[in-house]
Amino acid sequence: MANVKVTKRASEIEYAIRDVIVHTKELIKNGKKIYYLNIGDPAAFDFKTPQSLKDALCGAIAKEDNYYSPSEGLPELRQAVANKEKKVNNFDITADDVLVTEGISEGIQMLLGAIVEKGDEILFPGPTYPPYISYTKFFDGKPVAYETIEKEGWQPNIDDLRKKVTDKTRAIVIINPNNPTGAVYDRKTIKEILDIAGEHNLPVLSDEIYDQLTYEKQFVSASNVTKDVPVVGLNGFSKVYQMTGWRLGYMYFKGEGKQLAALKEGVEKECRIRICANTPVQIAATAALNGPQDFVKDIVDRLRQRRDFSWKRLNEIEGISTSKPEGAFYIFPKIEGIGKRWKDDMDFVVSLLKETGVLIVNGSGFDPVYGKDHARIVFLPPIQELEEAYSALEGFMKKKVKRDSRGHVGYG
Ligand code: PLP
C-alpha cells in the first residue's frame, strides 16, 4: 500500500521552542544532564500553581462540574475577565465581549483562521512569538515582520511598520511585553501603532499574556490607549497564574459599534465546532481572577532577581551581549561568531547543547531576519541553576574563541 500523504500546511509547521528538544533525545539516553532554558513554563520550575487554584480545580471536579460549558466560556468567567481588565488594565469591556479559549495558542489559531484568506498579510513584530508566523502560513497567508530595534531595547521601528502596510494587510500584531525580547512598549509607541492601524482600517491583535510581569516599566494595554481603532486582546492564565498545563486563555473584542461584530461571530463559530474549553479549569480560573492577587508581586520580585542576575552574568561572557528585559522571563542575547565559527544560530544552539547540556532556542526561530544571530534564554530556573548553565555557556564560548598575537578575537 502507498504511504499516506500529509498536507504541505501540516508538514511545514515549525515551532522552534519545542523543535529543539529533538536534539536532546540521544543525550538523555547517554545520561547527560539537560538545562531546560527553552520553554517559558513557570510551573515547571519553582513557581508553583497557587494552592487556592488547585483546590478550586479539585473542588469543581468533586462537585461534578464536569460537563461541557457554553462554547464562548462560562458566563461567570467571562464576567471575571471583564472585571480584571478594568481593575488591572483600566478599560471597559463586557462579559459578552470575551471568548474563552484553551490557551492563547488556540486563540491565535481561531483568530487567524477568521482573518486570513490566501495571500493576506499579517504584520507582527520581528522577532515574534512563532505561532503568529506559523498560523498565518497555515491559513495560506503571508507573515510580514516589522523591525524591532535591538539597540533601543527592541522597541518597534514605527517607520518600518508604516512602510510594510499594503493593500493585502489584514491585521497588526503587538506582543507586549514581548516574547522573545522582554521589551515593554510605552503608551506613545502603542498609540503610534494604533494610529497606523486606524489610517488603514486594520484591527490590532494585542497579545498581553505577560501583562502583570513587568519590572521597572508600567505596562499599558492597547485597549487602554485606543479610542476608535478595534483591538482584539489575547490573554490567559499560563504565565501569571502558573496554570500552563491546564490550558486556558481568553480573547476580547474591543471595538466601536459593529466594527468587530463579523470577526467575533466567525470566531464564535470556531468556538462551537470545538465544543468548549475545559469546564473545571474555567471554574478554577474564575477563582484565580476573583481571589487574592498578592502572589503576583512575589512572582515579579523573584523574577526580577533572576532577570538582574541573567543580564549581568550573560554580559560578562565574551562573545555575548544583551539588552535588559523589561518584562516576561526571556532574555535575547546576540551571539558573536555566528556565520564564522558556527554555520548559523541553530548550529550554535545544537553545538552548545551537545557539549554542555544547555538547551536554548535559536533566534531565527522567532524571525529569520530580525531574530538571527541571537538565542532566547528562559530565566525561570533558580539562580544557582542559572549560574551552572551560564558557567557552562561561558566555558563553551571561551573554547571557541581564538586570539591572535595582538589579542584580536577570531574563530577557529
Ligand atoms: N503568547 C505569547 C506571547 C507567549 O509567549 C505564549 C507562551 O509562551 C503564548 C501566547 C501561549 O500561551 P498559552 O499557554 O495561553 O497558550
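This short talk describes the pockets, the ligand site, the cavity and some backbone features of one predicted model.

Let me begin with the conventions. The model is predicted, with local features requiring pLDDT of at least 70 and side-chain atom pairs counted only at pLDDT 80 or more, while totals for chains, interfaces and linings use all residues. Residues are numbered from 1 along each chain as its sequence is written, and side-chain values use heavy atoms, with hydrogens and water left out.

On a 1 Å grid over the protein atoms alone, a pocket is an open set of points with protein on both sides within 12 Å along at least five of seven lines, a cavity is a set where a 1.4 Å probe fits but cannot get out, and lining residues have an atom within 4 Å of a point. Grid points are joined across faces, edges and corners, and a volume is the space filled by probe spheres set on the points.

The largest pocket has a volume of about 620 Å³. Its lining comprises 32 residues, and Y15, S105, Y129, K239 and R247 lie nearest the centre. Two or more lining residues come from each of α2 (16-19), α6 (103-115) and α7 (131-138); here helices (H or I, at least four residues) and strands (E, at least two) are DSSP runs, numbered from the N terminus. The greatest contribution is that of α7, with four residues. By class, the lining has 15 nonpolar, 10 polar and seven charged residues. In this scheme Ala, Val, Leu, Ile, Met, Phe, Trp, Tyr, Cys and Pro are nonpolar, Asp, Glu, Lys and Arg are charged, and the others, Gly among them, are polar.

The domain bounds come from an automatic or database domain assignment.

The second largest pocket has a volume of about 530 Å³. It is lined by 24 residues, with E12, E14, I133, S134 and K137 nearest its centre. At least two lining residues are supplied by each of α1 (8-11), α2, α7 and β4 (142-149), and α7 has the largest share, four residues. The lining divides into 12 nonpolar, four polar and eight charged residues. Domains 1 and 2 both contribute to this lining, so the second largest pocket also lies between them.

Next, the ligand. There are 13 residues around it, of which I104, S105, D207, Y210 and S238 come nearest; a residue is included if one of its heavy atoms lies within 4 Å. Among the polar contacts (pairs of N or O atoms within 3.5 Å), a side-chain atom of D207 is 2.7 Å from a ligand nitrogen atom. K239 places a polar side-chain atom 2.7 Å from a ligand oxygen atom, and for R247 the distance to a ligand oxygen atom is 2.8 Å. Taken alone the ligand exposes 400 Å², and the protein buries 95% of that, with areas from the Shrake-Rupley method and a 1.4 Å probe. K239 and R247 are also among the residues nearest the centre of the largest pocket.

The largest cavity holds about 40 Å³, and its lining includes K84, D211, Y241 and L289. That lining has five nonpolar, three polar and two charged residues.

I close with the backbone. Most residues other than glycine have a negative phi, and most peptide bonds are trans. Which peptide bonds are cis here? One joins G126 and P127, with omega about 0°, and P127 sits in the loop between β3 (121-126) and α7. Another joins N179 and P180, with omega about 20°; P180 is in the loop between β6 (169-175) and α9 (187-199). Finally, D140, although not a glycine, has a positive phi of about 65°, and D140 lies in the loop between α7 and β4.

Technical notes:
A polar contact is a pair of N or O atoms within 3.5 Å; within protein, one must be able to donate a hydrogen and the other to accept it, and residues adjacent in sequence count only if both atoms are side-chain atoms.
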